[in-house]
Amino acid sequence: MIDTQAMCEEFCELVRVDSPSLQEAEIIRLLRAKLTEMGIGSQIDDAGAQLGGEAGNLIAHVPGVEGAPTVLVNAHVDTVQPGCGISPQVDGTCIRTDGTTVLGGDDKAGCTIILALLRHLLDEDIAHPPLEIVFTVAEEIGLCGAYALDHDRLDSEMGYVLDGGRTMGTITNSAPSAYRMSWNIHGRAAHAGVCPENGISAIRIAAEAIAEMPLGRLDEITTANIGIVEAGKAANVVPPLAYVRGETRSHDAEKLEKQKDTMVNAFEEAARRHGGEVEADVRLNYRSFEIDRDEPVLDYAWRACEKLGFDPKIERGGGGSDANVFNEHGIPSVILATGPAEVHTVDEWLDAERMAESARWLTATLGIIAAEAE
Ligand SMILES: [Zn+2]
């Protein structure tokens, strides 16, 4: 039985453990102990050492029905800030924060669902395919844990990433590519009252460049943002330095390249006009993917929805998740709804009933996969 109340309590236990990105030792230890309690052996990989974090990814293999494809089941254990000292406020099955932190449903809801799933499968001896359970670290700072995984050690033929939104039945089947960009703009300092003509304002260069570039929602599948501008020390000094950070995302590779070039060129041209210089740091953050409706990984989840009476729905993702990385490494993966709403804010909340539904959904999905192998 999937017990909503027990899931609610376990979720609260998990979110009370602080786990900002790269500080995941305690939560990984706790999850590992819970797996051990179920009789599931696990390993921790070297992602912690690779990333300069406290802990690696936690990986467990659970044998299943012979002849069925191995299925990856994933959630990430790190949470965004402000996410330390989380004090979950429970009202019935509804869980909120005390207003000072996020709730950490992204992605402790996913972790809770995976634990409930495993107990359910093992306790009640439910047929399921072989499973690779992967709890990843450092997802929120750029999918770093998933990138650090040794993907050659995974056998999975498809994957379910438990890191979705609130509405049950929603399957996220695609994600954009993204560039993260930063610029160091160099002007020249001068006394703003005595000899401003000797100065080159880095703020002016940054401002002109930003004003010229298209930002926000550029079309249905492309977005761009400038998120950080830092510059200046005193009102009477022409600012010699400015630091700017931004990003652009698109489901279309060509549109992504075009917008990236537009942003980079805007800074270069503004710098040239004023005699300044600009260094750009441009990184491809993650690669897009798209899973068709009739691909097995999506079709199984879809049919499980219908079986349970949820309304199956395909949604485009707006951001990156570990699913990007698994897809990039040849494991077709989709993201399933897990329940939390308003994630990454202090208003985040979660109805534990949704988590229980998500666990039932995943159980049903795996059940269909196992049944078709027999
Ligand atoms: Zn997440």
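Q: How many helices and strands does the secondary structure of the chain come to?
A: The chain has 10 helices and 19 strands. Helices (H or I, at least four residues) and strands (E, at least two) are DSSP runs, numbered from the N terminus. This is a predicted model, in which local features need pLDDT of at least 70 and side-chain atom pairs count only at pLDDT 80 or more, while totals for chains, interfaces and linings use all residues. Residues are numbered from 1 along each chain as its sequence is written.

Q: How do you know whether the radius of gyration of the chain agrees with that of a compact globule?
A: The radius of gyration is taken over C-alpha atoms, and the globule rule is 2.2 Å times the number of residues to the power 0.38. For 374 residues the rule gives a value near 21 Å; the chain has 23 Å, so the two agree. The C-alpha trace spans about 80 × 40 × 35 Å along its principal axes.

Q: Why is H1 called oblique to H4?
A: Helix H1 (residues 4-15) and helix H4 (residues 105-123) have axes that come within 9 Å and cross at roughly 130°. Axes are lines fitted to C-alpha atoms, for helices over the stretch in contact, and angles run from 0 to 180 degrees between N-to-C directions. Angles under 35 degrees count as roughly parallel, over 145 as roughly antiparallel, 65 to 115 as roughly perpendicular and the rest as oblique. H1 is therefore oblique to H4. Their crossing is right-handed (left-handed if the near helix is turned anticlockwise from the far one by less than a right angle, right-handed if clockwise).

Q: What makes the contact of H1 with H4, and how do its residues divide?
A: Met7, Glu10, Phe11, Leu14 and Val15 of H1 meet Lys108, Ala109, Cys111, Thr112, Leu115 and Ala116 of H4. Two residues are in contact if their C-beta atoms, placed from the backbone, lie within 7 Å. The residues divide into eight nonpolar, one polar and two charged. Here Ala, Val, Leu, Ile, Met, Phe, Trp, Tyr, Cys and Pro count as nonpolar, Asp, Glu, Lys and Arg as charged, and the others, Gly among them, as polar.

Q: What term describes H4 against H10?
A: The axes of H4 and helix H10 (residues 352-373) come within 9 Å and cross at roughly 50°. That angle makes H4 oblique to H10. The crossing is right-handed. On H4 the contact includes Ala109, Thr112 and Ala116, and on H10 it includes Met355, Ala359 and Leu362. By class, the contact of H4 with H10 has eight nonpolar, four polar and no charged residues.

Q: Why are H6 and H7 described as oblique to each other?
A: The axes of H6 and helix H7 (residues 253-274) cross at roughly 140° and come within 8 Å. H6 and H7 are therefore oblique to each other. H6 passes H7 in a right-handed crossing. Among the contact residues are Arg204, Glu208 and Glu212 of H6 and Phe267 and His274 of H7. The contact has six nonpolar, one polar and three charged residues.

Q: What makes E11 and E15 edge strands?
A: The open sheet of five strands has the order E11-E12-E14-E9-E15, with antiparallel pairing. Strand E11 (216-219) and strand E15 (277-286) each pair on one side only. The twist averages 20° from one strand to the next. Helix H6 (residues 202-212) lies across strand E9 (177-186), E12 and strand E14 (241-250), at about 20° to E14.

Q: How do you know that E11 and E12 pair?
A: Two strands pair if DSSP finds at least two bridges between them. Three bridges join E11 to strand E12 (residues 222-231), and the two run antiparallel. Gly216 stands opposite Ala224, and Asp219 stands opposite Thr222. E11 and E12 form a hairpin with two residues between them.
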